[in-house]
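Please look at the sequence and the structure below before reading on.

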Amino acid sequence: MTLLVQDYFSQSAQCTPDKVAVSCESEQISYRALDEFTNAFARQLKSKGIARGQFVPFFMKKGINSIKSILATLKADCAYIPIDIHSPQQRLRAILASSNATLVIVDDHSQPIIEALLPEGECQLLNVDQFSGGDHSPLVYSNLSIDLAYVLFTSGSTGVPKGVMIPHKAITDYIDWCVDVYAIGPDDVVANHAPLYFDNSTFDLYTAFKSGATLHLVHDELNAVIPRLVQWLNEREISVFFCVPSVLTMLLRSRRLKPDSLPALKHLICAGEVLPSAVLSEWMALYPHIQFTNMYGPTEITVDCSYHMISHPGAPGSSVPIGKPRRNMELFVKTEDGGLSTAVGAQGELLVRGTSVAYGYLGDTAKTEKAFIQNPLNNNFYDPLYCTGDLVRIDDNNDFLFLGRADDQIKYLGYRIELGEVESALNTATGVEEGVVVFNNSDDEQLRAIGALVKVNTDTTVEQLRAALQHLLPPYMVPTTIKLLEGDFPRTPNGKYDRKAVLIKVFG
């Protein structure tokens, strides 16, 4: 029984030491070489004063260095924190402050970038490219399965990102199920499309490491030109591909998909957004040999808590179910009267229970207590339910259907974004008197976008506002449509912003 996630990798390294473990662009590394390097690098972390249980961020482009950073941090009995290399200074410093990080792992490419963002001496930098090696014998771990493996920072409504704390036991519970249900083995080739700071990457890394498969990283430059993915998937003979549904839409529109394009692909798994039934139908018609699965889950429940293995796409315009609970997870609908239901027809907010529920938000007790509540059906022991904020309905097959958000959190391009965080950043920009951020959640994916209506008190231009936001927010959070307002904002009778009216003003 595997208790710590790094053991997945070490066990596979013992079984198939010379097999390629990870490949990215033209670079690759074997299980043995990666195991030995990360054993030595974990000792280097400890020699720098990093103690058990500390948080160790890494700041670099996706690549083999990222995987080295992850495994070494785990082997040092610490928890890793992936940081987007495109993070603006404000977000980077907020993450470092929240985690009390004293050291950040970098490489030759990312070191000058972070040095330009942080004052000298603010945080110790350890360059993985400059590490020459050392004692690479196996380590003895002190961590338990209840200790943290990683913290992923998601968008926060107050403008401060939230750090979701995930323990080893939550990941192994999820990964053991995934490998079983998808029958992933050493002959498989797993793609990692998601950024490593996005929780879908957990599936990619650890299903590959548990099964002894080869992991191929979709590098940043390839990800920027989605149509090239078709050739890449073919050349790498990818058999397991996990992505957000918008990738399927973009690949269809690229017109590069042919019936014989993906002969090696066995499993195509989607999560992170609504899967359009029309897009699914086209894919299933092209590739009847592929098993398509729709999965669902926020970061707070360790990637996915439900799944729906699809045998047919359904009627045109119908919703693709997010399915039934996976093993060791339980889903409830919180009804209007506040009760919890699993009955057919129940509709309301989705609440999730199980081993893979996160511990909460790092350093934020108030947010944790609001989102993670004691199970009202059990008063005998601590039994948290995560309140997702997602609205669902249970259909006649006992499948859960996603209906939308109960608040203003959105899913856009696979990312969970609090519009409040975007709005908070907007209102700090020079010249902004007042600003409101909205989301055009169109059925037409090409029209789906974040927008802003802004009242300025100077001659500030839209271009200047966009430039300011690019220094405050990751690129995917910057509004694509910004309109300046003359006069007053539309408001509801109780004085709040009339966001529907704002939406019309921004997008027409």
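On a 1 Å grid over the protein atoms alone, a pocket is an open set of points with protein on both sides within 12 Å along at least five of seven lines, whereas a cavity is a set where a 1.4 Å probe fits but cannot get out; lining residues have an atom within 4 Å of a point. The model is predicted, so local features need pLDDT of at least 70 and side-chain atom pairs count only at pLDDT 80 or more, while totals for chains, interfaces and linings use all residues. Residues are numbered from 1 along each chain as its sequence is written, and side-chain values use heavy atoms, with hydrogens and water left out.

- The largest pocket has a volume of about 1100 Å³, a volume being the space filled by probe spheres set on grid points that are joined across faces, edges and corners.
- Its lining has 47 residues, and Val274, Phe402, Gly404, Asn441 and Arg448 are the closest to its centre.
- Strand 22 (400–405) is among the elements that give two or more residues to this lining, and it supplies the largest share, 5 residues; helices (H or I, at least four residues) and strands (E, at least two) are DSSP runs numbered from the N terminus.
- By class, the lining of the largest pocket has 21 nonpolar, 14 polar and 12 charged residues; Ala, Val, Leu, Ile, Met, Phe, Trp, Tyr, Cys and Pro count as nonpolar, Asp, Glu, Lys and Arg as charged, and the others, Gly among them, as polar.
- The second largest pocket has a volume of about 820 Å³.
- Of the 34 residues that line the second largest pocket, Pro195, Tyr197, Asn223, Tyr415 and Tyr476 lie nearest its centre.
- At least two lining residues of the second largest pocket come from each of strand 4, helix 8 (220–223), strand 11 (240–243) and helix 10 (245–253).
- The lining of the second largest pocket divides into 23 nonpolar, 6 polar and 5 charged residues.

**Cavities**

- There are 3 cavities of 30 Å³ or more.
- The largest cavity has a volume of about 150 Å³, and of its 13 lining residues Phe153, Thr154, Tyr197, Tyr415 and Arg416 are the closest to its centre.
- Strand 7 (148–154) and strand 24 (415–418) each give two or more residues to the lining of the largest cavity, with the largest share, 3 residues, coming from strand 7.
- The lining of the largest cavity has 7 nonpolar, 3 polar and 3 charged residues.
- The second largest cavity holds about 90 Å³ of space, and its lining includes Arg91, Phe153, Tyr197 and Tyr476.
- The classes in the lining of the second largest cavity are 8 nonpolar, 1 polar and 2 charged.

**Sheet**

- An open sheet of 3 strands has the order 25-26-27 with mixed pairing, where two strands pair if DSSP finds at least two bridges between them.
- Strand 25 and strand 26 (residues 449–456) are antiparallel over 8 bridges, and valine 438 stands opposite glycine 451 in strand 26.
- Helix 13 (residues 419–426) packs on the sheet, touching strand 25 and strand 26, and its direction makes about 155° with that of strand 25; contact means heavy atoms within 4.5 Å, and angles run from 0 to 180 degrees between N-to-C directions, with axes fitted to C-alpha atoms, for helices over the stretch in contact.
- Helix 14 (residues 462–470) lies across strand 25, strand 26 and strand 27, at about 130° to strand 27.
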